[in-house]
Amino acid sequence: MAENYDVIIIGSGPGGYVAAVRATQLGLKTAIVEREHLGGICLNWGCIPTKALLRSAEILDHSNHLKDYGLVLEGKVSADVKAVVARSRGVSARLNGGVGFLMKKNKVDVIWGEAKITKPGEIVVGKSSKPVVEPQNPVPKNVKGEGTYTAKHIIVATGARPRALPGIEPDGKLIWTYFEALKPDVLPKSLIVMGSGAIGIEFASFYRSIGVDVTVVEVMPTIMPVEDAEVTAIARKQLEKRGLKIFTSAKVAKVEKSANSVTAHVETSDGKVQQITADRMISAVGVQGNIENLGLEAVGVKTDRSCIIIDGYGKTNVAGIYAIGDVAGPPMLAHKAEHEGVVCVEKIAGLPNVHATDKNKVPGCTYCNPQVASVGLTEAKAKEQGRDIRVGRFSFAANGKAIALGEDQGLCKVIFDKKTGELLGAHMVGAEVTELIQGFVVAMNLETTEEELMHTIFPHPTVSETMKEAVLDAYGRVLNA
Ligand SMILES: Cc1cc2nc3c(=O)[nH]c(=O)nc-3n(C[C@H](O)[C@H](O)[C@H](O)COP(=O)(O)OP(=O)(O)OC[C@H]3O[C@@H](n4cnc5c(N)ncnc54)[C@H](O)[C@@H]3O)c2cc1C
């Protein structure tokens, strides 16, 4: 007889494994199915290994400016790329092991293999189509194997994979996806990055820091197109100062490959075509949900453009089947996946007062140099929605701590509703803004007013003081500018 659970989760990324932990906390008998790597893309090929690479890049960038701090180094600091990559893979392996530990500690059964829903309440786990390729991340011990399993509730948390443009498909050799970019077999001298969303721009920033000649091609008018245009204009200027070449409103129309290089035909908005040749290209044109071979069509689960359609609690149109994380649509971010996982199982467990996920309050962080972080509406989006707004800004150039750090290129920008004083959005560029943005996320979540923010005491000297000053600026009360 098939082993029966309250909840079976397909996929152990940040959506799936966090949902599993919360489900067992709530007393639900839980199993998680994984075909490739505990921790999903985030821990193994996404958030974490990229941040490890970017940390190496950051230290290298600082070492190139030691003189500015009155420090002298005999000789030159340079990147040993093999060692940089080994460190990044090691960080991933450690966290991958950590998820195994969490599953054991929380008594979540791990089933190894590829899951398919056969009918509501039942899955079949078959042989994985994705062999484990990372020697550091082996199949964990004491997992359950192939077979039929039943559960009252099935949560699909199968994540996403790189999207490919027709005719410019990644080949793993000359045209990379993030997999190859995270673990390069050779260090290219030159690189074209197609797409300047968070993934593309982080790789562009990393490779530039370690000495690669990088060209970014973005089809939209601004880099990091979902971010506030004023903030990304500042980021662009600094990235260009670091030697990145950036084309916006430009499209890679076709790519020609030779033995060890690629030539991109780049169409700019004036109709001209430029040919750019580089050793390698990274295709970073977005991701698409893993909805195939899950039996979704057979059970009638509705999808839209490679994502499963859900309500604010992860429910699909089929009773007993839920979806969370990247496979349930944008923003495709780990913390959104985690939050959706928690909301979904709390609703399943029948907890009172479970709030639907509010996508407007999902922060976004890009860890390039300089960092960019935001929450809520951009100025353009607020205007598009017909909101009457007040905008406040504060430059890092007027912040004591930023100057002391030697990091005075940055901006904090806030957007309030003129009538109600509601904080609609906050946007930051500069040092450590990916850590700072959380202050505004908490404020938005608590529906804090401008008055409360202005009466909050911020520690001095900190870069966070730019946040208070930006709020004051929106109301004509700025103190230090
Ligand atoms: C290079 C890169 C950098 C990123 N950086 C950040 C960042 O800094 N911050 C951030 O918030 N987000 C970042 N992301 C996005 C983040 O990785 C994803 O949003 C997150 O991993 C989504 O989590 P998930 O649980 O939905 O799915 P995933 O993490 O993709 O996990 C899904 C899991 O399901 C498994 N699976 C799929 N199908 C089956 C099946 N049929 N049977 C069994 N198992 C299956 C997969 O093997 C996988 O382990 C980054 C992504 C990339 C690629």
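Here is a friendly question-and-answer tour of the predicted model shown above. Residues are numbered from 1 along each chain as its sequence is written, and side-chain values use heavy atoms, with hydrogens and water left out. In this predicted model, local features need pLDDT of at least 70 and side-chain atom pairs count only at pLDDT 80 or more, while totals for chains, interfaces and linings use all residues.

Reader: How many of the 10 residues of helix α15 are buried?
Author: Helices (H or I, at least four residues) and strands (E, at least two) are DSSP runs, numbered from the N terminus, and α15 spans residues 465-474. A residue is buried under 20% relative accessible area, exposed over 50% and partly exposed in between, with a 1.4 Å probe and protein chains only. Helix α15 is mostly covered, and its number of buried residues is nine.

Reader: Which elements do the buried residues of α15 pack against?
Author: The buried residues of α15 include Glu-465, Met-467, Val-471 and Leu-472. Contact here means heavy atoms within 4.5 Å. The packing partners of these buried residues are β22 (389-395), β23 (411-417), β24 (423-429), α12 (433-436), α13 (438-445) and α14 (450-454).

Reader: Which residue is joined to His-460 by a cis peptide bond?
Author: Most peptide bonds are trans. The loop between α14 and α15 holds a proline, Pro-461. With an omega of about -5°, the cis bond joins His-460 to Pro-461.

Reader: Where does the loop with Pro-331 lie?
Author: Pro-331 is joined to Pro-330 by a cis peptide bond, with omega of about -5°. The loop holding Pro-331 lies between β19 (321-323) and α9 (334-348).

Reader: Is Met-224 buried or exposed?
Author: Met-224 sits in the loop between β10 (213-217) and α7 (229-241). Its phi is positive, about 45°, although Met-224 is not a glycine. The relative accessible area of Met-224 is 2%, so this residue is buried.

Reader: What is the relative accessible area of Glu-432?
Author: Glu-432 also has a positive phi, about 60°, although it is not a glycine. This residue is found in the loop between β24 and α12. Glu-432 is partly exposed because its relative accessible area is 39%.

Reader: What is the volume of the largest cavity?
Author: On a 1 Å grid over the protein atoms alone, a cavity is a set of points where a 1.4 Å probe fits but cannot get out, and lining residues have an atom within 4 Å of a point. Grid points are joined across faces, edges and corners, and a volume is the space filled by probe spheres set on the points. The count comes to one cavity of 30 Å³ or more, and among the residues lining the largest cavity are Glu-36, His-37, Trp-45 and Asn-137. The volume of the largest cavity is about 60 Å³.

Reader: Which helix gives the most to the lining of the second largest pocket?
Author: A pocket is an open set of grid points with protein on both sides within 12 Å along at least five of seven lines. The second largest pocket holds about 1200 Å³ of space, and its lining has 35 residues, with Glu-58, Asp-61, His-62, Asn-369 and Glu-407 nearest its centre. Two or more lining residues come from each of α3 (47-63), α6 (198-209), α7, α11 (400-405) and α12. With seven residues, the element that gives the most is α3.

Reader: How far is a polar side-chain atom of Glu-34 from an oxygen atom of the ligand?
Author: A residue is near a molecule if one of its heavy atoms lies within 4 Å of it, and of the 39 residues around the ligand, Glu-34 is one of those that come nearest. A polar contact is a pair of N or O atoms within 3.5 Å; within protein, one must be able to donate a hydrogen and the other to accept it, and residues adjacent in sequence count only if both atoms are side-chain atoms. A polar backbone atom of Met-332 is 3.3 Å from an oxygen atom of the ligand. For the side chain of Glu-34, the distance to an oxygen atom of the ligand is 2.6 Å.

Reader: Which side chain makes a polar contact with that of Glu-122?
Author: Glu-122 belongs to strand β5 (residues 122-126). With a relative accessible area of 18%, Glu-122 is buried. At 2.8 Å, its side chain makes a polar contact with that of Thr-118.
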